[in-house]
Amino acid sequence: MIIGVPKEIKDHEARVGVTPAGAKALVEAGHVVLVETHAGTQSGFPDHEYQDAGAEIVGEAGNVWANAETVVKVKEPVEKEYVFFREGLVLFTYLHLAPLPELTNRLLEKKVIGIAYETVRDRANTLPLLTPMSEVAGRMSVQVGASYLEKEKGGRGILLGGVPGVPPANVCVIGGGIVGTNAAKIAVGMGAHVTLVDVNLNRLRELDDLFLGRLHTLASNSYNVGRATREADLVIGGVLIPGATAPKIVTHAMVSKMKKGAVIVDVAIDQGGCVETARPTSHSDPSYVVDGVVHYCVTNMPGAVPHTSTLALTNATFPYLMRIANLGATEALKADAGLAEGLNVWKGQLTHRGVAESQGREWVAPASVLN
Ligand SMILES: NC(=O)C1=CN([C@@H]2O[C@H](COP(=O)(O)OP(=O)(O)OC[C@H]3O[C@@H](n4cnc5c(N)ncnc54)[C@H](O)[C@@H]3O)[C@@H](O)[C@H]2O)C=CC1
Ligand SMILES: CC(=O)C(=O)O
């Protein structure tokens, strides 16, 4: 199979979909790997490492997209990339279609086969291709939040861990999945007073055991979320309904009652955000203020630490890519029901319930298009 690896062009996105190690394994298995010039450079993988691995360096994005049977990316295509869509192209990447109806339309019109990392499931029913980036973003959310709490950045001027004689900051984490757990781990480690809110009581039980009493857990309802956000210096949003637009757990009314100079990092913004006042921002222009509360809502946070993120992401994505290359996308999808859950668009049909329900569209189950 011919695998294409374009350079990411989303704002400050420096990750790459395949490393030289991945390229080497694909070439050894008899596949052709086309890599756009400098696709991996910012992740620490210069062109010559891909060439040494047997990949071909191709000058322009258009050449990669036009010649590849499967294009492997990191982020959802941005508008400039829509022109490269064509019938039968397999696109393996994050798609986050629920809040992006225009991208959904273009993929459907061009009959692209789109397998979204964020909805692929494994046998344990987890989201194996989302997890590594949620680990990165969850950990980053606290360091970013701590930085925005500094006066210079518009925050309340609070040190997350406090000092002897002065209390630490209150951190409220909404959602106790991968993002939330990693955020809590770092916030607790920095000495903050951390409260974590989730609807899943079993998850709260697990976290209570894991953190040995250093984390305060709270059942998610609007009363508890309202109270916890009012008391918080830093709120981190990490709620997910896989594939769907995130529910607005923190309302505008709650934000308006938060302390002035408090900070919200809505990590769930790639699925529309779990804070009503959140809107997508970029690494170039990451924050804005609503009702005196600083909002940071960057949709590709791990892109800021591309070396770590590319390695973590491709550790997880590569085995799936190898199966797609060896079997062809259709057979790979048929052979693995969890990979088929990643199928969001198939030759003009929408194939993910969460995306369809978020956009009020019809959908068909992957199994029915694959058989
Ligand atoms: N902005 C960025 O750069 C990045 C964003 N993300 C996003 O972060 C979000 C969270 O991802 P994960 O932690 O991996 O998901 P996850 O599935 O591991 O965790 C989601 C948690 O939300 C909880 N939840 C659902 N409804 C809730 C409610 N009403 N109230 C409180 N909690 C509720 C679930 O019980 C679950 O524990 C996703 O949208 C993901 O795409 C992930 C990585 C990078
Ligand atoms: C998950 C995601 O959207 C990201 O890593 O950018």
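This is a predicted model: local features need pLDDT of at least 70, side-chain atom pairs count only at pLDDT 80 or more; totals for chains, interfaces and linings use all residues.
Student: How is the chain divided into domains?

Tutor: The assignment gives two entries. Domain 1 covers 2-120 + 306-370, and domain 2 covers 131-304.

Student: How far apart are the C-alpha centres of the two?

Tutor: The centres of domain 1 and domain 2 lie 30 Å apart.

Student: And how many residues are in contact across them?

Tutor: On the domain 1 side, 24 residues contact 20 residues of domain 2.

Student: Which helix gives the most to the domain 1 side?

Tutor: That is α10, with seven residues. Both α10 (306-327) and α13 (353-359) supply at least two.

Student: What is the make-up of that side, nonpolar, polar or charged?

Tutor: The side of domain 1 that touches domain 2 has eight nonpolar, nine polar and seven charged residues.

Student: New topic. What is the strand order in the open sheet?

Tutor: Eight strands run β3-β2-β1-β4-β5-β6-β14-β15, with mixed pairing.

Student: How does β14 pair with β15?

Tutor: Antiparallel, over two bridges. Trp 346 stands opposite Gln 349 in β15.

Student: What do β12 and β13 form?

Tutor: A hairpin, with two residues between the strands. Four bridges join β12 (287-290) to β13 (293-296) in the antiparallel sense. Ser 287 has Tyr 296 as its bridge partner. In the turn, Asp 291 has a positive phi of about 50°.

Student: Last one. Which residues surround ligand 2?

Tutor: Lys 75, Tyr 94, Leu 130, Met 133, Asp 270, Asn 300 and Pro 302. That shell divides into four nonpolar, one polar and two charged residues.

Terms used: Residues are numbered from 1 along each chain as its sequence is written. Chains are lettered from A and ligands numbered from 1 in the order in which they are written. A residue is near a molecule or strand if its C-beta atom, placed from the backbone, lies within 6 Å of it. Ala, Val, Leu, Ile, Met, Phe, Trp, Tyr, Cys and Pro count as nonpolar, Asp, Glu, Lys and Arg as charged, and the others, Gly among them, as polar. Two strands pair if DSSP finds at least two bridges between them. Domain bounds come from an automatic or database domain assignment. Two residues are in contact if their C-beta atoms, placed from the backbone, lie within 7 Å.
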